[in-house]
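Hi everyone, thanks for coming. Let me walk you through what's on the screen.

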Amino acid sequence: MLLPATGAEARWTQGLDTFGQQVAHTVMASCASKGGFDLPQDAPPPAFIRLFDLPDLDFIARHGFSHSAEVPLPAAPAATGRSGSPDEVRRCQDEGAAAVGVLRGTYASLQAAWFKELGSLNDDPATVEALAALPDCLAGHDIEVSDEDGFFRHTDTRLQSVAPADLPRENRVLGSACADCMRPVEAVREPIRERLRTDFLADHAAELDKVRETLVPSLQGAEEQHGVRLSFPAP
């Protein structure tokens, strides 16, 4: 969950990140219920957020880009019909942020160090060589872009501009192209990430020992305290 090296492993990471969102959502809702007011409805609900630095190609091939697995949430408190004041809403938001801070404090700095380490792949010669073939492959799918970032920009533009009735088809087309053309790239990058992780584990052994002692109890405690469950997107 903390140190993903493959797209499939990133599903575990999504679940951990989303668990923090669920905790914040639940704490805020409980705070507002106790205060006798409703929270604004403009905040997005908790969602699984994919890590495109670690593309989950099996998921993308099956679901495309616009589909996200549903995040289970506890039943919402009954509406009161009264909107909270800015100060009341801010107080509940602060309570939610504090609860997440307690949870993530056990692992956030270590995970951030790992994701920074993954950035070194951008200059790795084998990765650069594999990515050089990407534009030609995508051109075979009628997608003219110059690099990986260009493909994701193209995808965002297409999915935002296509007619709603055409969205499922466009999603499948883009997902199929991505999975087809990125598999050779991921075949190169995944072993490199795994080697990086082996070195990272050795270099951060003491920190990891502490996280191993604290992470699972902190997740279990948060589940019991807030009534949420750790969950993960299915492939």
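Areas come from the Shrake-Rupley method with a 1.4 Å probe, and for residues only the protein chains shown count as cover.

This is a predicted model, so local features need pLDDT of at least 70 and side-chain atom pairs 80 or more, while totals for chains, interfaces and linings use all residues. Residues are numbered from 1 along each chain as its sequence is written, and side-chain values use heavy atoms, leaving out hydrogens and water.

So, which residues form a nonpolar patch on the surface? M1, W12 and F232 do, with about 280 Å² of accessible area together. F232 counts as partly exposed, because its relative accessibility is 31% (buried is under 20%, exposed over 50%, partly exposed in between, with a 1.4 Å probe and protein chains only).

Now the disulfides, meaning pairs of cysteine sulfur atoms within 2.5 Å. Searching the whole structure turns up two. In one, the sulfurs of C31 and C92 sit 2.0 Å apart. In the other, C137 and C181 have theirs 2.1 Å apart. C92 is buried, at 0%, whereas C137 is partly exposed, at 25%.

C178 is buried, by the way, at 1%.

Terms used. Patches are made of residues with over 30% relative accessible area and no salt bridge: like charges are joined within 9 Å, nonpolar side chains (Val, Leu, Ile, Met, Phe, Trp, Tyr) within 5 Å. A salt bridge is a side-chain nitrogen of Lys or Arg within 4 Å of a carboxyl oxygen of Asp or Glu.
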